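Here is my note on this model. The points are numbered for reply.

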Amino acid sequence: MNIDAKLTQLGLTLPQAPRPVGAYLPCVQSGNLLFLSGVLPFRNGKLLRTGRVGAEVSLEDAAQDAAQTALNALAIVEAQLGGFERLVRCVKLTGFVACAPDFYDQPKVLNGASELLFKLMGEAGRHARAAVGVSALPLNSPVEADFIFEVRR
Amino acid sequence: MNIDAKLTQLGLTLPQAPRPVGAYLPCVQSGNLLFLSGVLPFRNGKLLRTGRVGAEVSLEDAAQDAAQTALNALAIVEAQLGGFERLVRCVKLTGFVACAPDFYDQPKVLNGASELLFKLMGEAGRHARAAVGVSALPLNSPVEADFIFEVRR
Amino acid sequence: MNIDAKLTQLGLTLPQAPRPVGAYLPCVQSGNLLFLSGVLPFRNGKLLRTGRVGAEVSLEDAAQDAAQTALNALAIVEAQLGGFERLVRCVKLTGFVACAPDFYDQPKVLNGASELLFKLMGEAGRHARAAVGVSALPLNSPVEADFIFEVRR
């Protein structure tokens, strides 16, 4: 997989990876697994939008938010590994969707992230996934994504 | 452990494992860990029921839902490994329970899954577990279960 | 790191680790990863308090709850490993905060846990983290924390 070429092809650029803030880290590697901190859909230092899916936020916009979390996750991976050469695959995505209590399409929201990972990484981007609807996320973000990647040591 | 024999003894049969749909997979193995996608209580292609525990769904029914997720998880494991010979143990179950805001018995719901795994796998079925109540799950399912198994390579 | 000395220095004592109850375990080790069951802020056998953050429970009190879950997690680790010699680091904390639907400061709640782990373990206590707001947790606890530690075999 050539993620950098695919990014260019899709007209996408990786954001600056977030710096460590406070007593936790953007990611921690243990063995061949890279556990990321929960990723919010920041772009240029701001959330793309706030609110709950199925209330203030549409499914389409939330799927864009999910795609942004995938981009941001790759930025964290690249910063940690110093490039993508040692990235093996995406293992797991647990996606939390802040939503109205009668919104049941969390998987369609997360498709925004899953499909972008597949476009950028091919088969290595296909992952196990769980989609969960919750009442509130940090900073009133509509989406938070929790990634595990496999890396070479 | 002889899961097939135990299934017969309990009058249970494993469902057909779900096929890969879209950009994610039913499970991904990394090292000796098998990460499953979130499992819903489907039986014969349909959710056993919909709604929130403590509202439209009783604790007893939700515990049945949880048990069904354990069966469905084992079906995924069997399909992935081509049988249970390489299955070592269940490591972790994170169970999400869609519930009324004043329902606090998420652990009792998940006992349906934990106890079935113990019946089928013995000590190897005992796992670490987290129980969480949420406002909404995919397809209005009352339960979603997130499993990690250990396998031999 | 010398966790025991740090505990004394901070005037803290580890609680008794919980015993296995029912069909699940306080923690399961697989390879070098130790997966804990969801930890509630029990002290002396009772939750420090009940209720939702941003409603009945203040941010400050919830941060104390989070700190208690970190202590309780270390008690589980110590009981499992027979001391802290084989503990390498904290890898991941997923913190679930039961909260009002308009509460968005889940990260500040979890800082209670993250900062205590850093005080007790130094750099080895810094972890990846996800903060999620939910509608209800077991026993009406304001906080539940899900830890992964790395250990030496």
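**Notes on strands, helices and one interface**

1. Seven is the count to start with: 7 bridges join strand E6 (residues 87-98) of chain C to E7(C), and the two strands run parallel. Within this pairing, Val97(C) has Gly133(C) in E7(C) as its bridge partner. Please keep in mind that this is a predicted model.

2. How many residues of E7(C) are buried? The strand spans residues 127-134 of chain C, and 8 of its 8 residues are buried. E7(C) is thus described as mostly covered.

3. E7(C) also pairs across a chain boundary. Strand E1 (residues 24-25) of chain A is joined to E7(C) by 2 bridges. This pairing is parallel. Tyr24(A) stands opposite His127(C) of E7(C).

4. Chain B and chain C are linked through strands as well. E7(B) pairs with strand E1 (residues 24-25) of chain C in the parallel sense, over 2 bridges. Here Ala128(B) stands opposite Leu25(C) in E1(C).

5. The contact between chains B and C involves 28 residues of chain B and 22 residues of chain C. Which elements of chain B each supply at least two residues to the side that touches chain C? They are strand E6 (87-98), H3 and strand E7 (127-134). E7(B) gives the most, with 8 residues. By class, this side of chain B has 14 nonpolar, 9 polar and 5 charged residues.

6. Within chain B, look at two helices. The axes of H2 (residues 59-81) and H3 (residues 106-121) come within 7 Å. They cross at roughly 40°. H2(B) passes H3(B) in a right-handed crossing.

7. The residues behind this helix contact can be listed. From H2(B) come Leu59(B), Ala62(B), Ala63(B), Gln64(B), Ala66(B), Ala67(B), Thr69(B) and Ala70(B). They meet Lys108(B), Val109(B), Leu110(B), Asn111(B), Gly112(B), Ala113(B), Leu116(B) and Leu117(B) in H3(B). The residues of this contact divide into 11 nonpolar, 4 polar and 1 charged.

8. A point on H3(B) to close. This helix meets H2(B), and H3 of chain B also supplies at least two residues to the side that touches chain C.

Terms used
Residues numbered from 1 in each chain as written. Chains lettered and ligands numbered in written order. Predicted model: local features only at pLDDT ≥ 70, side-chain atom pairs only at ≥ 80, totals over all residues. Axes fitted to C-alpha atoms, helices over the stretch in contact; angles between N-to-C directions. Helix = DSSP H or I, 4+ residues; strand = E, 2+ residues; numbered from the N terminus. Left-handed = near helix turned anticlockwise from the far one by under 90°. Contact = placed C-beta atoms within 7 Å. Nonpolar A, V, L, I, M, F, W, Y, C, P; charged D, E, K, R; others polar. Buried ≥ 20, exposed ≤ 12 C-beta atoms within 10 Å, placed from the backbone. Pairing = 2+ DSSP bridges.
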